[in-house]
Amino acid sequence: MPDNNAVFPRRALLLKLRLILLIILGLSAVVAHDKALARGLAAAQGAIAAQSAAPAGSAQQDRAAGYVLPPQLYARAVRYSREGYWLYFVTTVCTILILWLLIRWKTAPWLRNWAERITCRRWLQFVLFGPTLLLIFGILLLPTAAWDQWRMRRFGMSVQGWGAWLGDWTTSEIATALGGAVAIGLLYYMIRRSPRRWWLFLWALALPLVVLLVFIQPVAIDPLFETLEPLSISHPDLADSIEVLAGRGGLSISPQHIYLLKTDGNSAEADASSEGFGPTKSVFVMDSLIASEPRAAVLHEVGHEIGHFMFTLDWIVFAICVPLSLVLLYFIHRSFVWALGRWGAQWNIRGPDDWASLPVLAFIVSLILIIFTPAANTLSRYREHEADRHGLDLVDGIVPNVREAGARAFQEYGEANLADPDPPAFIEWWLFDHPPVNERIIFCRTYRPLTSLENAEPGK
Ligand SMILES: [Zn+2]
C-alpha cells in the first residue's frame, strides 16, 4: 500500500533508507517487521476525530459478525479503500512507465554528459548526476503523491494544508535523493571495480549490513530519531505486565528494552511496535496509545508485538531469503548485461558501469519487486495472523475477556482508518500485508486461547 508517512518524516526517511538497501537485496519479506507498513493508508491527522462522529449504536448491533459498519460509513470506507487500490496500481504502472520514458528519452545519458561538461572530477560528476536524476524521477511521480494527499483530505484522513504537504514532500524527496545517491554511488563503484562479480560482492556486503542494521536499530538507531525512555520509569505497572507477557511467551526481554516512545501529542498515531532480535529484542509503546486506549487494549496491542518474536518461521524465511537474494542479484546482473548489450548503444549508454544505465537497472529491479509483492504480502499476512494468535494466548487471563477487547480494538482501528470492510480477494492477495480487519475480528471472537483451554475456568 502507498505509505505516506507525513506524521513521522524522520521515521519515513529511515524507512526509505532501509528500503533502498532492501531493494538492492530483494529481501523485503524478511525485515518488514513492525506495523508501520500496515498504517500506510492511515497515518493521518484527524482520522479519529472524523470517526468519533460515526453512529456507534448500529455498529454494535451485530458484534458477533465481525467488522460491521453503519451504511454511510461502510460506503465511505469502501470508496476510500477502492480509490487507494487504484492509486497503488496507477503509481506502480507510472513508475515503470517513467523509468521506460527516462530510458527512451535518454535523460540519464544527457545528465551524464552535462555533469561531464561541468567538471572532470569523477566524484563531483556523480554528485551532480545522482541526486538530480533521483529528483527528476520524484518530480515525475509527484502527481500520484498529490493524488494520495488529495484523497486523504477529501476523506478527512489528513488535515494537512497543501503548502505544508509540499514542504514535507520536498524535504523527503531531497533526503531520498541524497541518501539514494550515496547508495547508488557505492553500487556503481562496485560495478566499475568488478563488472562480472559485483552482484556477489554486493550480496556479501549488504547481507551482513542489513542483519546488523536490524539488530542494532532499536538500541543504536532509534534513540537518535525518537525520544525514548524505559517504560518502567513512568509506568512501572505496565512495564511489569509486559515482562509477564514476554515470560509467558518463553522470551526474555530486558526491562531496559521495554520503551516508552514519547510523542508529546505531536503524532496522530497511537501504536506499539517491536524491533530487533536476540539480545536487542525491544518493545515500544507510544505515550499516545497509553493516553488514548484502556489498559486492556494496550496489552492486547503489546501482546501482538511480542507475538512477532515468537514466530520461529522467520528464521526459516531468512534462511530461504539468503540464497534467494543471491539468485535474484545474479538474475538482475544477467538481465542488465543482456539489455545493455542489445540496446545500450541505441540508448546512449556506454555499459553497465555507466551511471546512465541506472534507469535500466531500476526498471529490472522494479519489475522483480512487483512480481514478488504478492508473495511477500502473503507471508506478511500469515506472520500477522500468527502474531494475533500468540498475542491472544499471551494476554488471556491477564486482561479480562481479551477476545472481546481485541475485537473492539480492531473495530476501532478499522473505523478510524476507513479499513475496507469487504476487500476483493485479488486485492487482499496482492496488497494486504495484514489480514483484513473483518477476519481479525472474527478470529478474535472465535479463537480459544491456549491458556483458557488449559485453565478452563467455568463461565469464561
Ligand atoms: Zn504485527
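This is a predicted model: local features need pLDDT of at least 70, side-chain atom pairs count only at pLDDT 80 or more; totals for chains, interfaces and linings use all residues.
Student: How many helices and strands does the protein have?
Tutor: Helices (H or I, at least four residues) and strands (E, at least two) are DSSP runs, numbered from the N terminus. Here there are 20 helices and four strands.

Student: What percentage of the residues count as buried?
Tutor: A residue is buried if 20 or more other C-beta atoms lie within 10 Å of its own, exposed if 12 or fewer, and partly exposed in between, with C-beta atoms placed from the backbone. Of the 460 residues in this protein, 37% are buried.

Student: And where does E116 fall on that scale?
Tutor: E116 belongs to helix α6 (residues 107-118). Because E116 has 13 C-beta neighbours inside 10 Å, it counts as partly exposed.

Student: How do I describe two packed helices?
Tutor: You give the angle between their axes and the distance between the axes. Axes are lines fitted to C-alpha atoms, for helices over the stretch in contact, and angles run from 0 to 180 degrees between N-to-C directions. Take helix α15 (residues 313-343) and helix α16 (residues 358-395): their angle is about 150°, and the axes lie 9 Å apart. That makes α15 roughly antiparallel to α16; angles under 35 degrees count as roughly parallel, over 145 as roughly antiparallel, 65 to 115 as roughly perpendicular and the rest as oblique.

Student: Which residues make the contact between α15 and α16?
Tutor: Two residues are in contact if their C-beta atoms, placed from the backbone, lie within 7 Å. From α15 they include L328, I332 and F336, and from α16 they include V360, I364 and L379. The residues of this contact divide into 12 nonpolar, one polar and no charged. For those classes, Ala, Val, Leu, Ile, Met, Phe, Trp, Tyr, Cys and Pro count as nonpolar, Asp, Glu, Lys and Arg as charged, and the others, Gly among them, as polar.

Student: At what angle do α12 and α14 pack?
Tutor: Helix α12 (residues 236-248) and helix α14 (residues 295-309) pack at about 40°, with axes 10 Å apart. They are therefore oblique to each other. In this contact, L238, S241, I242, L245 and A246 of α12 meet V298, L299, V302, G303 and I306 of α14. Those residues divide into eight nonpolar, two polar and no charged.

Student: Now the sheet: what is the strand order?
Tutor: Two strands pair if DSSP finds at least two bridges between them. The open sheet has four strands in the order β1-β2-β4-β3, with mixed pairing. Its edge strands, β1 (227-230) and β3 (272-275), each pair on one side only. Strands β2 (residues 258-262) and β4 (residues 282-286) pair in the parallel sense over four bridges, whereas β3 and β4 pair in the antiparallel sense over four bridges. The latter two form a hairpin with six residues between them, and G276 in the turn has a positive phi of about 80°.

Student: Which way do the side chains of β3 point?
Tutor: In a regular strand the side chains alternate between the two faces of the sheet. From β3, A272 and S274 point one way and S273 and E275 the other, and all are buried. A272 has V285 as its bridge partner in β4.

Definitions and conventions:
Residues are numbered from 1 along each chain as its sequence is written.
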